[in-house]
Amino acid sequence: MKNSQSKEDYLESILLLSKELEDVHQIEVARRMGVSQPAVQKAVRLLRQEGYITAEGLHIRLTEEGRSYAEEVYEKHCTIRRFLELHGVNGEDADADACKLEHALSPASYAMMKSFVEERGG
């Protein structure tokens with residue numbers, strides 16, 4: 001998949017849905033992300049080619065590699081959101097900003113945020 005931000009967003013959505021549902025379907029991914037089913041079908045094809053998911057019929061499952069990558073992205077999102085909240089940003093804005101920042105931060109900036117959050121019991 002060419003765009004890593006898009007890949008990470010799909011993997012994160014599939015991970016979160018898999019924590020709520022026994023079986024993740026393409027329609028749930030489309031609803032969660034606010035995209036069309038054809039867009040999800042294309043992403044599923046590409047994510048499967050890259051070895052991040054398996055897809056049987058409408059069921060989507062993360063591979064071990066896909067789950068690891070998705071959990072890494074989600075942890076980053078949560079850390080950034082918490083960092084922003086600790087600095088007074090309301091939860092809704094912090095979550096929206098974390099979605100954008102998780103793809104743009106340098107490793108050094110993320111490490112600083114993670115350290116800050118961990119020091120404050122975040």
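## Strand pairing and salt bridges

Val24 stands opposite Ile60, a residue of strand β3. The model is predicted: local features need pLDDT of at least 70 and side-chain atom pairs count only at pLDDT 80 or more, while totals for chains, interfaces and linings use all residues. Residues are numbered from 1 along each chain as its sequence is written, and side-chain values use heavy atoms, with hydrogens and water left out.

Strand β3 covers residues 59-62 and runs antiparallel to β1, to which two bridges join it. Strands are DSSP runs of E with at least two residues, helices are runs of H or I with at least four residues, and both are numbered from the N terminus. Two strands pair if DSSP finds at least two bridges between them. The pairing is antiparallel in an open sheet of three strands, ordered β1-β3-β2. Because β1 (24-25) and β2 (53-56) stand at the edges, each with a single partner strand, one side of each has no neighbour in the sheet.

The second topic is charged side chains. Side chains of opposite charge can pair when their charged atoms come close. A salt bridge is defined here as a side-chain nitrogen of Lys or Arg within 4 Å of a carboxyl oxygen of Asp or Glu.

| Salt bridge | N to O distance |
|---|---|
| Glu75 and Lys114 | 3.1 Å |
| Arg81 and Asp95 | 3.4 Å |
| Glu85 and Arg82 | 3.6 Å |

Which parts of the chain does the salt bridge between Glu75 and Lys114 link? This pair links distant parts, with Glu75 in helix α4 (residues 64-86) and Lys114 in helix α6 (residues 107-119), 39 residues apart. Arg81 lies in helix α4 and Asp95 in helix α5 (residues 91-101), so this pair ties together parts that are 14 residues apart in sequence. Glu85 and Arg82, by contrast, are separated by about one helical turn, because they are three residues apart in helix α4.

Are these side chains buried or exposed? Buried means under 20% relative accessible area, exposed means over 50%, and partly exposed lies in between (1.4 Å probe, protein chains only). Glu75 is partly exposed at 38%, and Lys114 is partly exposed at 26%. Arg81 counts as partly exposed at 22%, as does Asp95 at 29%. Glu85 is partly exposed with 27%, and Arg82 is partly exposed with 30%.
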